[in-house]
Amino acid sequence: MAVLKVRRYGDPVLRRRAVPIDAVTPELRRLVDDMTDTMYDEVGIGLAAPQVGHSVRLLVVGDEEGRGVQVLVNPVITESGGSVTAEEGCLSLPGIFADVTRAQWVKLEARDLEGRPIAITARGLRSRVFQHEIDHLDGVLFIDRLDPVTRDRIKRRIKKEGFTEDATSHRAFAL
Ligand code: NI
């Protein structure tokens, strides 16, 4: 197992639409282990494969009890509803935080590493984590979901100052 380098805003892999996974290979299992290590090392609560340079539809998310991780292969949101705004950050945009409006709840379907179907209904923070991570699989970042004025302000700031290396005070919210 290994901690992988988290790709940052500006890396083209974050803008690619990730491809579906058709077989769980030993390499894929190793990637899941490495993504889990990376997520814990970064104190994130979710990580999508493109964030570590692999353009495949795979996520790891801290489980509800905080005891382990849930692995989702080819996740798809099948239903969503409501609307809620809350602050969000991203491991690929360290030190950047902004209020993002998303669906209040989502239903999603995926497969686990054994190929078994998984169905999840998520609300609150967990719903937000899934939406944020599935966006990564489509090449979408949370700043894309901000109003244009806020988004441009953030982009200008990144261009001028780069990223804050030490964002530890806020890292628990980073996805
Ligand atoms: Ni993210």
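Two strands pair if DSSP finds at least two bridges between them. Helices (H or I, at least four residues) and strands (E, at least two) are themselves DSSP runs, numbered from the N terminus. With those terms in hand, welcome to the structure above.

This is a predicted model, in which local features need pLDDT of at least 70 and side-chain atom pairs count only at pLDDT 80 or more, while totals for chains, interfaces and linings use all residues. Residues are numbered from 1 along each chain as its sequence is written, and side-chain values use heavy atoms, with hydrogens and water left out.

**Strands side by side**

Strand S1 (residues 46–48) runs antiparallel to S2, and three bridges join them. Gly-46 has Val-61 in S2 as its bridge partner. S2 also pairs with strand S3 (residues 69–81), again in the antiparallel sense, over five bridges. Here Leu-59 stands opposite Leu-72 in S3, and Gly-62 is set opposite Val-69.

How many of the five residues in S2 are buried? Four are, so to speak "mostly covered", where buried means under 20% relative accessible area, exposed over 50%, and partly exposed in between (1.4 Å probe, protein chains only).

Glu-79 has Lys-107 in S6 as its bridge partner. Val-76 also lies in S3, and counts as partly exposed because its relative accessibility is 46%. Leaving out residues up to four places away in sequence, Val-76 touches Lys-107, Leu-108 and Glu-109; such a contact means heavy atoms within 4.5 Å. In a regular strand the side chains alternate between the two faces of the sheet.

**Charged pairs**

A salt bridge is a side-chain nitrogen of Lys or Arg within 4 Å of a carboxyl oxygen of Asp or Glu. A search of the whole structure finds 11 of them.

| Salt bridge | N to O distance | Location of partners |
|---|---|---|
| Asp-138 and Arg-17 | 2.7 Å | loop between H2 and H3; segment before helix H1 (26–41) |
| Glu-114 and Arg-29 | 3.4 Å | loop between S6 and strand S7 (117–123); helix H1 |
| Arg-128 and Glu-88 | 2.6 Å | helix H2; strand S4 (residues 84–89) |

Asp-138 and Arg-17 tie together parts of the chain that are 121 residues apart in sequence. Asp-138 is partly exposed at 28% relative accessibility, whereas Arg-17 is exposed at 58%. Arg-29 is partly exposed too, with a relative accessible area of 34%. Arg-128 and Glu-88, by contrast, are both buried.

**A closer look at Arg-145**

Where does Arg-145 lie? Its place is the loop between helix H2 (124–137) and helix H3 (148–161). Arg-145 counts as partly exposed because its relative accessibility is 43%. Beyond its neighbours within four places in sequence, Arg-145 is in contact with Val-100, Arg-102, Asp-135 and Val-140. With Asp-135, the side chain of Arg-145 makes a polar contact of 2.6 Å. Such a contact is a pair of N or O atoms within 3.5 Å; within protein, one must be able to donate a hydrogen and the other to accept it, and residues adjacent in sequence count only if both atoms are side-chain atoms.

Arg-145 also belongs to a network of salt bridges that links Glu-88, Arg-102, Arg-128, Asp-135 and Arg-145.
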